[in-house]
Amino acid sequence: MEQIRGENITVLPFRELKKVSDLISFDGPILSHFKDKYGKDVLFYWVDVDDDFNRWLVFQVSESQLYKYLSKNVSLNELVSSPLNDILYSVEIGDKLEYKNITQIFKDDLIDVYKPEGNYFFESDLPVYYSKKIEDYQESFFVETLLDTAMYIKAEPSKKAKSKSMGLVDMLQASEFLFGYGS
């Protein structure tokens with residue numbers, strides 16, 4: 001296995017991990033989603049193997065990051081490169097699910113060979129568990145994006161219309177303004 005830079009620790013900082021789904025598989029899981037006892041989203045990303053153990057990168061992501069990945073808005077490389085708290089954990093897992101050599105790694109110290117190549121986006125069939133959540137997320141993501149990129153305009157009625165309009169702009173005035181702005 002590749003040499004990694006980091007600090008050895010005795011246990012992962014996530015409690016009572018429960019598998020939600022495998023997100024990428026090829027002769028076994030490559031990327032798996034877990035939730036811990038507190039509802040944190042934790043990903044296991046397979047990176048290396050030897051005769052006795054498989055090495056996984058384990059890292060926490062926000063729900064937003066996870067759904068951006070599942071919605072094909074973020075690549076696997078971006079996901080691995082931006083874990084919450086900028087920390088990943090390397091863990092070697094044996095056939096009997098024993099955890100060994102747990103290492104805390106700051107994202108800037110992650111070796112290049114363990115970073116996903118290129119811009120691989122989620123391409124598998126979306127597991128049923130995520131379907132409704134993706135729909136809800138896409139709606140809130142749309143609104144969030146709209147608010148981030150919106151142009152805000154403060155329009156005031158002309159002086160002659162002020163007295164009777166209570167500060168409102170009629171459709172004709174608004175359309176003239178928008179037409180002029182578009183031109």
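Start with the aromatic rings: this predicted model holds six aromatic pairs, counting rings whose centres lie within 6.5 Å.

Select tyrosine 69 and phenylalanine 122. Their ring centres are 5.6 Å apart and the planes meet at 65 degrees, so this pair is edge-to-face, the term used for angles over 60 degrees. Now colour the elements around them. Tyrosine 69 belongs to helix H1 (residues 63-70), while phenylalanine 122 sits in the loop between strand E7 (99-106) and helix H3 (128-149); the pair therefore ties together parts that are 53 residues apart in sequence.

Next, select tyrosine 129 and tyrosine 130. These two also form an edge-to-face aromatic pair, with 5.0 Å from centre to centre and 90 degrees between the planes. Is each of them buried or partly exposed? Tyrosine 129 is partly exposed, at 38% relative accessibility. Tyrosine 130 has a relative accessible area of 0% and is buried.

Then pick Phe34, Phe44 and Trp56, which ring pairs link into a cluster.

Seven of them make an open sheet with antiparallel pairing, in the order E1-E7-E6-E5-E4-E3-E2. At the edges stand strand E1 (7-8) and strand E2 (18-25); each has a single partner strand, so one side of each lacks a neighbour in the sheet.

Strands E1 and E7 run antiparallel and are joined by two bridges. To see a bridge, select asparagine 8 together with threonine 103, its bridge partner in E7.

Technical notes: Residues numbered from 1 in each chain as written. Predicted model: local features only at pLDDT ≥ 70, side-chain atom pairs only at ≥ 80, totals over all residues. Heavy atoms only, no water. Phe/Tyr/Trp six-rings, centres within 6.5 Å; stacked < 30°, edge-to-face > 60°. Helix = DSSP H or I, 4+ residues; strand = E, 2+ residues; numbered from the N terminus. Buried < 20%, exposed > 50% of the residue type's maximum accessible area, 1.4 Å probe, protein only. Pairing = 2+ DSSP bridges.
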